[in-house]
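Please read the following report alongside the sequence and the 3D structure.

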Amino acid sequence: MALGVHRCRFVGWSPSPITALALPPPHKCHNLPFPPLAVGRQNGSIELYRWAAKGSSPHAWLLDSTLPGPADTKVDALALTIRARRQHHQHYLRLFSLPGDANLFEWDIDSGTVLYTVPSQGGTIWSLAASPTGTLLAIGCQDGAVRLLDISRSEAPVHVKRFERVQTRFLSIAWAWSSEVPSKEPAERDPTSDSDDEPDNSDVLPATTLVTGCSDSSLRTWDVRTGRILNRMTVERARGERTLVWSVAILGDGTIVSGDSLGTVKFWDNQTATQIHSFPAHNADVLCMTISPTGDAIYTSGVDQRTVEFVKLPPSGNDPSKWVQTTQRRIHSHDVRALAMWPPYAPTSNDKQTYAPLLISAGLDMSVALVPAAPPQAEKLGMLVNPILSSRSNVTTFEDAYPKRLGYPLTSGNVVLAPRARLVVSFSDRVVGIWRLPAQGSKSVGERAGGDESEWEKVLEMELRFRTNITAGTMSPDGQWLAVADVWEVKLFRIEDVNGTLRPRRSRTISPVLSSALDAQTGASALCFTPDSRRLVIGTWMEARVVLVDLDQGSQEVVVRVFGVHSERGNNGDSEGHEDGALTPRILRMAVSPDSQWLASADSNGRVCVFNLDSAKHTTTLPRTFLSPSALSFDTRSPHVLALGYPNNEIQLFDAEAQMFYPALPDKVSHLQDPILGIVFPPTPAANERRMYVWSAGWLARYDIPTPASSALTKQPAPPSIPESSTELSLKRKRAGEADESFAIVTKFRPVLLVDFCVDGEMVVVERPLVDLLSTLPPAYLKPKYGAN
């Protein structure tokens with residue numbers, strides 16, 4: 001009998017547009033081929049991605065953690081630097097952002113909160129850039145002055161220099177390359193002071209220059225030590241209006257590159273302040289640019305969605321070297337706001353590279369795109385490996401390489417299903433939306449077209465007053481409880497259904513109850529209810545504690561037990577494969593067994609802890625893994641069996657009673673590029689049937705799970721079997737004349753936000769097509785190829 005499926009395509013969850021990208025400079029703490037990637041979004045949140053393997057990987061960067069943005073902020077720019085004097089409890093990276101006002105944020109990556117808020121002393125900050133040595137930050141302020149801040153120590157950034165003021169806005173800043181490090185400590189000052197008097201630190205600043213792109217149709221070069229203008233270069237105006245210089249860069253030989261609002265990319269001689277080349281490469285504003293690792297190529301992009309490559313030709317005879325426009329590609333469907341390159345440009349570096357450089361781009365279409373960008377001569381010699389594929393034979397040049405797009409930043413709490421109440425709930429920014437699943441009609445069992453909005457009903461939408469964006473949310477299976485959290489607070493609502501209208505009533509006792517039990521006020525990084533809807537399980541944001549709350553004790557919630565096993569030193573001492581394994585982890589996801597006896601929780605350091613809820617005890621901790629699980633679920637037929645899915649598409653089964661692992665399942669999905677996002681089991685399996693559904697953004701697979709003999713269970717997870725490609729599998733089945741009934745996969749659902757089951761066995765698939773997401777944005781720039789607009 002076919003499986004009944006509800007397809008929902010109009011749940012209002014949407015990722016926020018991307019406005020900034022950042023990569024740190026090379027450092028010995030990067031124990032993976034590629035370092036963490038920071039992605040800033042328009043809603044103020046910042047995502048940190050980590051590389052998926054210790055070599056090349058088709059999954060590339062995977063979402064590691066999200067730093068939720070404070071209310072009513074955004075991310076205009078990002079900077080990642082290496083911490084110069086690191087304490088044991090500190091992350092080795094320092095992350096800075098511009099929230100769109102007169103302040104500079106420094107983030108505590110460990111706690112996921114803003115550590116310092118530094119006033120600009122000059123109004124709104126328009127641009128941000130870190131020096132090549134990672135000791136100074138330059139900010140361009142509303143009052144027409146560039147200011148330098150010292151970040152060479154672990155304290156808050158300190159103002160050390162203000163350049164002379166000019167009547168313009170600084171839309172972009174770039175540092176000339178310099179390996180010089182200040183020899184003295186800068187003068188002390190209060191980092192939160194609003195005073196405009198600057199200490200004299202000229203003798204401790206590096207002898208280098210800055211370039212600023214301005215809003216008055218010009219570029220300016222500055223002497224960092226004196227704070228005075230060295231040169232001013234002017235670009236053309238169109239119809240008498242000012243041209244905006246959105247992006248600038250400086251090469252090691254002093255050549256300056258600029259991109260402006262006319263779509264022109266210009267090359268300038270820094271010594272004579274004269275134009276060398278001018279390319280009308282774009283049809284609209286050039287918003288961003290980046291330099292190749294060797295400095296022989298420049299990449300630009302912007303409003304017209306095209307990414308353009310410029311290559312430096314070597315000198316020929318008496319002719320000097322020159323720049324030419326070579327290739328253009330349209331990788332994105334909307335404005336491109338940020339470009340980055342790994343490894344970064346370093347004119348003094350002679351490190352031999354194993355992997356082809358990666359060009360990273362992102363913008364209003366909400367996703368990150370990766371394209372290998374190796375020089376043509378390197379590919380001809382077979383010198384470089386494509387890092388986003390596993391074969392050396394793959395193309396690695398920007399012109400011909402196939403781009404990879406990272407998936408939406410989905411977590412287990414973006415969209416959830418209350419199976420008994422037939423309600424779908426989405427959490428986005430600070431908004432909660434609830435839809436009612438249509439009642440099962442007289443249709444034959446099969447796929448149900450849930451895309452017709454008339455069959456669905458939006459029953460509730462509310463915007464919550466949180467200090468940050470939502471970090472976790474869930475609804476009880478019976479639909480009577482709704483729990484939502486940010487970094488600082490957990491809110492609990494009792495949901496009443498009055499003639500089909502949902503009325504939330506907030507619990508006023510949950511916050512004092514939690515504060516009393518935890519001796520601190522904290523929000524949550526993960527939430528879940530037990531299947532009987534009688535208990536709420538909270539994974540706290542601070543200190544990674546698991547809190548078991550009883551909701552069935554009258555008028556006030558009762559904390560039954562608090563577990564601190566995730567933050568215990570013995571659980572985090574092994575830092576293999578983790579840049580900061582000694583830091584406090586964050587609980588990412590939790591799952592409760594169908595009989596409400598077992599609880600599993602996974603943290604950001606690759607640990608999975610299992611608890612017995614009947615005895616309220618921690619029973620075991622699974623062996624630590626390189627990647628944290630991206631999916632947890634308990635079997636409905638054998639509630640003590642835990643299924644774990646990992647972003648590299650590896651699946652493990654663990655028996656919580658025997659504390660042993662099942663034999664490895666056949667490797668059917670490791671070759672697929674979309675990582676596992678969830679695992680679900682049918683609520684009412686047929687007799688002698690044990691099925692598991694594994695899903696990702698682009699595929700849904702069904703496994704038939706064999707029941708192994710007790711002697712086949714092992715203490716350590718079995719190594720995955722050798723993967724077989726889909727072609728090899730189909731050939732084997734064709735020769736054998738039979739189909740593999742124990743496994744099936746479909747790819748017609750995409751991109752998927754949720755797969756789950758109602759209590760009657762109907763499957764719910766929530767999708768969010770890209771065309772629907774883009775329809776929420778302003779129209780993209782389009783220049784007709786033929787005829788008038």
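P343 is placed in the loop between β26 (336-342) and β27 (358-363), where helices (H or I, at least four residues) and strands (E, at least two) are DSSP runs numbered from the N terminus. The peptide bond that leads from W342 to P343 is cis, with omega near 0 degrees. This is a predicted model, in which local features need pLDDT of at least 70 and side-chain atom pairs count only at pLDDT 80 or more, while totals for chains, interfaces and linings use all residues. Residues are numbered from 1 along each chain as its sequence is written, and side-chain values use heavy atoms, with hydrogens and water left out.

Most residues other than glycine have a negative phi, and most peptide bonds are trans. Positive phi values are found at Q121 and at R422, neither of which is a glycine. Both residues count as buried, a term that means under 20% relative accessible area, with exposed over 50% and partly exposed in between (1.4 Å probe, protein chains only).

| Residue | Phi | Loop | Relative accessible area |
|---|---|---|---|
| R422 | about 55 degrees | between β30 (415-418) and β31 (423-428) | 15% |

R83, in the loop between β6 (77-82) and β7 (93-98), is buried yet has no salt bridge, and the nearest side chain of opposite charge, that of E106, is 4.3 Å away. A salt bridge here is a side-chain nitrogen of Lys or Arg within 4 Å of a carboxyl oxygen of Asp or Glu, and for charge Lys and Arg count as positive and Asp and Glu as negative, with His and the chain ends not counted. The side chain of R83 does reach the backbone oxygen of H91, at 2.9 Å. Not counting residues up to four places away in sequence, R83 touches Q90, H91, Y92, L93, R94, E106 and S154, contact meaning heavy atoms within 4.5 Å.

I109 lies in the loop between β8 (103-108) and β9 (113-119) and is buried, with a relative accessible area of 9%. Leaving aside neighbours within four places in sequence, I109 is in contact with L48, L67, H91, L93, L95 and R586. I109 and T66, 43 residues apart in sequence, are 9.4 Å apart in space, C-alpha to C-alpha.

Among the strands, β12 (residues 146-150) and β13 run antiparallel and are joined by four bridges, with L149 opposite H159 in β13; two strands pair if DSSP finds at least two bridges between them. Four of the five residues of β13 (residues 158-162) are buried, so this strand is largely enclosed by the rest of the structure.

An open sheet of four strands has the order β47-β48-β49-β50, with antiparallel pairing. At its edges stand β47 (631-634) and β50 (660-661), each with a single partner strand, so one side of each is left without a neighbour in the sheet. Five bridges join β48 (residues 641-645) to β49 (residues 651-655), and V641 stands opposite D655 in β49.

For the protein chain as a whole, there are five helices and 56 strands, and 58% of the 789 residues count as buried.

Technical notes
Polar contact = N/O pair within 3.5 Å; in protein donor to acceptor, adjacent residues only side chain to side chain.
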